[in-house]
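I opened the model today to look up its helices, sheets and domains. My notes follow in the order in which I made them.

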Amino acid sequence: MFANSGYIVSKAALLPPLYILTIFVALLKLFTVIRAFSKYAERYYSHKATFTILSNVRTFFFTKLEALAPSLFQRFRSGDLLARVVGDVESLQHLFLRVIYPPIVMLVVFLTTIIFTALFSLPVALILLTGLIITGFCIPLIFARKQRDIQSNIRQNRAQLSTDTTEFLYGFLDLKLYRKVPFKEKALRQTSDDYIEKQENRGKQEQLSFAVNHWFSLVTSWSVLALGSYLVSTTELDSVFLAMLVLVSLTVFETAAPMTDAPSYFEDSRNAAIRLFSIIDEAQNQQELKSKNRLVELQKAPEMECKNVDFYFVGESRPTLSNVSLLLPSGSKTAIVGPSGSGKSTLLHLLLKLYSPSSGTITIQGQPLDNLDENQLWENISPVLQSNHFFYGTVRDNLKLAGERFSDKEMNEILSCVKLDHLSLGDKVLEKGGNLSGGEQQRLAIARAMLKKGNLLFLDEPTSSVDPITEQQVMNRLFTQAKGSSLVLISHKLTGLERMDQIIVMDKGKIIESGTFHDLMKRKGYFYQMKKIEKSVFYK
Amino acid sequence: MKQLKDIAKKHKKDTYSLSFTAFVIGAMTVTQALLIVSIVMLIFLEEKSFSAVTSQLATLLVVFSLRGGFSYIHGKIGIGMASKAKNHFRKSLITQYTNNPIQTSIKGQSGKRVTLVTDVVDEIDPYFSKYYPQRILSSIVSLMLLAAVFWQNWVSGVIMLVTAPLIPIFMIIIGKKTEKKAIQQLEKLTSLAGKFLDSLQGLITLKLFGKGREEAAAIKKSSMEYRTATMDVLKFAFLSSLVLELISMLGIALISLEVGLRLVVYQNISFFAAFFVLAIAPEFYKTLKDVGSAFHAGKGSIAAAQKIVDELEESDQIIQWGNEQLSQAAGPPSIRLNNLSFTYGEDHFSLEGIDAAFDPYSQIAIVGPSGSGKTSLLHLIAGMYLPSTGEVLINNQSLFNYDEGEWFDKLIYISQDPYIFSGTIKDNILIACPGKNISQEVLTYVLEKAGLTELIGQLEDGTNTLIGEGGRGLSGGERQRIALARAFLKRPSIILFDEPTVGLDLYTESILQESIKELAQNATIITVAHRLHTIKQADCILYLEKGTLIGKGTHQELIENTKDYLTMLEEQQGGIAG
């Protein structure tokens with residue numbers, strides 16, 4: 001189009017017939033309008049498609065993280081993961097919009113221009129081609145190399161900022177109590193300063209890359225002008241076209257401008273992608289270990305058995321569980337007791353299929369647990385863990401985790417079962433249940449598990465923060481509901497264990513005793529000693 | 001908008017520098033056009049030889065270099081301003097979160113706050129790195145170019161003058177529409193982050209309840225909403241660039257037509273003027289177009305600034321500490337609670353009119369059913385909550401008259417669930433005495449006292465084992481013992497214990513009992529107690545029910561005077577026995 005108008009002016013100077021002029025002007029306007037509209041449509045659809053892809057990437061990422069759930073926080077920090085899913089995914093958009101797209105546009109525009117120019121003057125076309133190669137490829141590539149370090153640092157700094165802020169907020173109470181707030185605040189400011197400094201460096205680099213590129217494009221136009229002038233003076237070029245060629249070269253480089261950003265965005269996206277896919281790969285490996293068989297049908301309260309189970313945490317030489325064998329018959333009630341760190345909770349996690357045993361087998365209905373689709377197992381479980389998570393929302397939202405089907409009436413009944421009558425379903429629950437006391441949290445977790453009505457009740461110190469009288473009432477309700485179900489209770493207290501079918505006593509990762517309450521008391525072994533200590537501690 | 005403008009105003013020097021570089025760039029643009037036109041003129045119309053234009057060509061090269069150099073400097077100033085602005089906003093947020101009392105800090109979702117500190121602050125960038133310098137550049141350069149065109153050919157100047165204002169007018173109309181949308185977009189972004197972080201924390205719970213898929217769907221929904229909000233903003237951005245494109249195309253076409261017609265049909269314009277105008281016109285519209293697209297980026301920044309300012313204003317009361325020193329004289333201070341009340345706001349949880357006084361070295365037990373406000377009372381005494389009415393008096397002065405650091409130096413609070421920071425075991429213990437040099441002997445002693453020696457012996461890296469997020473998981477008992485080690489290191493004169501022996505194994509419990517006894521020799525201890533043993537030993541028991549103080553006194557006195565206490569005790573003993 002610009003060639004068009006340059007041509008018009010030059011021609012006009014030599015007084016061409018008027019009709020040529022009008023045709024050119026009409027064409028010019030038509031092109032203009034079409035280009036503007038097609039650009040609008042193209043941008044709209046490419047952005048829409050890109051953002052849809054991004055939101056799919058986020059969901060995909062989250063589902064992959066799930067596979068890593070049990071040991072996720074031993075490997076990653078939550079602030080870092082947040083940075084990945086929000087910021088890193090967000091920056092992938094640039095890959096689609098600012099890295100892949102501009103070179104295509106630039107190439108098309110440039111090549112047509114060069115072919116067009118070559119019709120008039122081959123040397124000028126060659127200069128434009130050189131200019132294209134330098135500004136479109138060489139300079140961006142040189143800066144891309146420079147950007148590489150800066151970009152990966154920026155991503156890391158950003159993740160660091162996110163991680164530090166998350167920890168600052170989560171640990172705020174303890175930070176305050178230990179007067180670490182000013183210290184952490186300073187660290188946070190430092191991280192922020194580093195991050196901003198890196199961003200500033202990147203910005204300056206981009207600016208420099210832009211300026212250099214711009215300068216080169218001007219120099220190319222200058223060369224066109226100089227060469228054109230020379231060619232005209234040696235009459236190799238018709239002087240009519242000089243003005244046109246100069247205007248063409250000045251305008252054509254406008255499409256090269258987005259190319260200056262491309263290397264920076266490319267590096268940014270590349271780093272983001274590396275960070276995202278490192279986690280996804282890990283998750284994929286984890287996934288492969290899992291098979292997706294479904295047992296024909298899990299019976300009501302299926303029997304479970306552990307045979308010679310050993311378990312090591314990654315990177316630890318000491319077994320957390322060694323040679324653990326136990327049988328949980330259908331409908332049985334089992335208690336696991338023992339000192340802190342004896343492996344009770346780990347054993348429960350293995351039964352929940354959150355971890356796999358390092359050696360030995362766990363079976364359910366006689367089939368290896370490894371072969372079972374975990375979702376099928378979890379459908380049958382009512383869990384209360386040591387730390388139960390409560391989501392930001394209402395009491396109702398948190399109960400509905402057990403299923404959507406429950407009416408308000410049912411949920412209110414359950415709340416009164418666990419003596420939480422003073423809560424109403426619409427009451428707000430803050431993040432991590434921050435506005436509930438420890439006892440309330442535990443009872444809400446029990447309510448949730450009772451609502452779920454699984455046939456396998458796995459309870460890890462469910463009532464440790466609840467006062468004894470309420471505890472007893474709640475446990476009675478729980479036992480009534482769990483009549484036909486299997487129940488495994490990890491208990492910190494040795495009271496109320498008379499009604500259990502078996503008591504497993506653990507120490508240092510081993511089962512050292514098991515039997516009914518009366519067996520163990522009669523045997524006068526470890527359990528009997530513990531019971532004696534408990535009495536001396538509590539009933540002075 | 002206002003905040004960003006204020007910041008821009010504060011950096012007057014930068015604004016002046018920007019204006020100066022803009023002026024140079026404008027002058028270079030005009031000179032460049034003049035030179036190009038005169039070279040073409042000489043060669044084309046006057047058919048001079050190549051050597052006649054070499055000096056002009058050389059000058060042109062210099063002009064190009066100056067233009068490039070100055071536009072680099074121009075951009076750099078903007079980037080510098082953006083850094084200062086981001087710094088300002090991020091630090092205000094951090095200061096805000098630092099000063100928040102605990103009751104405010106637990107409201108809202110952490111993920112949202114993290115995104116505010118990271119992504120939303122980053123959104124401020126374009127206003128200063130793009131919009132603000134571009135606005136100065138465009139207003140100065142466009143005026144200069146306009147003047148140059150008027151000088152050569154006033155008719156084209158008039159065309160420019162008529163078409164150009166359409167660009168800012170459209171920008172204003174469209175900008176108004178975008179502003180709300182941009183705020184919505186940020187809203188969706190922060191709630192996506194809030195949702196994600198919350199779900200992440202509860203991933204195991206979600207899995208066990210078979211809700212993984214639904215949660216993924218919820219995240220997808222949240223992410224899609226963000227997409228829609230983003231597209232809403234972008235739609236306007238694209239529309240405005242479409243309009244800008246059309247206007248500038250229209251302007252250029254009109255000028256080409258006008259120049260062409262006058263040159264060919266009326267022949268009342270020189271080739272020099274015509275070519276000059278044609279060389280300037282695209283520069284003129286381009287600079288206006290640039291400010292248009294930068295304007296959009298700037299709108300996002302304005303929304304971001306708005307969002308941050310909203311957050312900064314949200315804080316209700318900030319706890320203001322004084323600078324009174326706690327007397328260095330031996331022994332713990334006296335503590336008095338004077339008509340102390342507290343409420344979370346709309347929530348059910350509250351304390352009402354608590355009066356009590358604790359002597360130095362006394363052992364206080366707070367007793368009551370779960371949910372009666374025991375923990376809140378402990379938070380109030382610690383100075384973590386701001387009371388709604390009444391006050392905590394320390395040595396007969398309001399707690400908040402004292403220096404914050406002084407107070408927390410004297411105090412240790414072992415909460416139900418001590419937070420373990422991501423770091424080594426040693427780091428996590430030394431947190432109790434920041435800045436002090438702790439010898440290996442002291443550390444060993446402290447570990448021994450807290451019953452951690454055996455555990456650490458079993459770990460390959462000993463006290464350098466990483467714990468917390470990104471490290472080894474700890475059991476509840478182990479966490480409590482880490483907190484205990486912190487207490488031994490600190491040797492406080494006031495100890496606040498929240499349900500100390502709850503949920504632990506017998507070993508940890510006996511360690512705790514002994515340790516507390518030892519620590520109590522030099523301190524006042526206030527315990528939220530569940531154990532009869534602790535209660536019986538207490539010098540004073542506060543019996544709470546539903547946030548009110550029902551009875552106060554020793555165990556014996558309460559048994560005699562407070563019926564509810566007796567009932568609870570009987571039930572409790574029944575409970576334990578059963």
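**Entry 1: annotated segments of chain B**

I started with residues 20-45 of chain B, which are 96% helix and 0% strand, with the end C-alpha atoms 37 Å apart. Helices here are DSSP runs of H or I of at least four residues, strands are runs of E of at least two, and both are numbered from the N terminus. Residues 57-75 of chain B are 100% helix and 0% strand, and their end C-alpha atoms lie 27 Å apart. I then checked the record: UniProt, in an unreviewed entry, gives "transmembrane region" for both stretches of chain B, and also for 136-152, 158-175, 233-257 and 263-281. UniProt positions are in the numbering used here, feature names are shortened, and annotations may be inferred rather than shown by experiment.

I noted the conventions: residues are numbered from 1 along each chain as its sequence is written, while chains are lettered from A and ligands numbered from 1 in the order in which they are written. This is a predicted model, in which local features need pLDDT of at least 70, side-chain atom pairs count only at pLDDT 80 or more, and totals for chains, interfaces and linings use all residues.

**Entry 2: confidence and domains**

I read a mean pLDDT of 80 for chain A, with 86% of its residues at 70 or more; pLDDT is the predictor's confidence in each residue, from 0 to 100. Residues 8-22 of chain A fall below 50, and this stretch has 29 contacts in the model beyond near neighbours in sequence. A contact means C-beta atoms, placed from the backbone, within 7 Å.

Chain A has domain 1 (46-284) and domain 2 (304-380 + 454-538), with centres 55 Å apart over C-alpha atoms. Chain B has domain 1 (2-314) and domain 2 (335-577), and there the centres are 56 Å apart. The bounds come from an automatic or database domain assignment.

**Entry 3: a helix pair between the chains**

I looked at H7(A) (residues 181-233) against H2(B) (residues 12-44): the axes are 10 Å apart and the angle is about 10°. H7(A) is therefore roughly parallel to H2(B), a label for angles under 35 degrees. Axes are lines fitted to C-alpha atoms, for helices over the stretch in contact, and angles run from 0 to 180 degrees between N-to-C directions. From H7(A), A:Leu225, A:Ser229, A:Val232 and A:Ser233 meet B:Ile36, B:Ile39, B:Ile43 and B:Phe44 of H2(B).

**Entry 4: the four-stranded sheet of chain A**

I traced an open antiparallel sheet in the order S2-S1-S4-S5 of chain A. S2 (321-328) and S5 (367-368) of chain A are the edge strands, each with a single partner, so one side of each has no neighbour in the sheet. Pairing requires at least two DSSP bridges between two strands. S1(A) (residues 304-311) pairs with S2(A) over five bridges, among them A:Phe311 with A:Leu321 and A:Glu305 with A:Leu327. Five bridges also join S1(A) to S4(A), and A:Asp310 has A:Ser359 as its partner in S4(A).

**Entry 5: the six-stranded sheet of chain A**

I followed a second open sheet, of mixed pairing, in the order S6-S9-S10-S3-S11-S12 of chain A. The twist averages 15° from one strand to the next. S9(A) (residues 456-460) and S10(A) (residues 486-490) run parallel and share five bridges; A:Leu459 has A:Leu489 as its bridge partner in S10(A). H14(A) (residues 438-452) packs on this sheet, touching S6 and S9 of chain A, at about 180° to S6(A).

Key:
Contact = placed C-beta atoms within 7 Å. Parallel < 35°, antiparallel > 145°, perpendicular 65-115°, else oblique.
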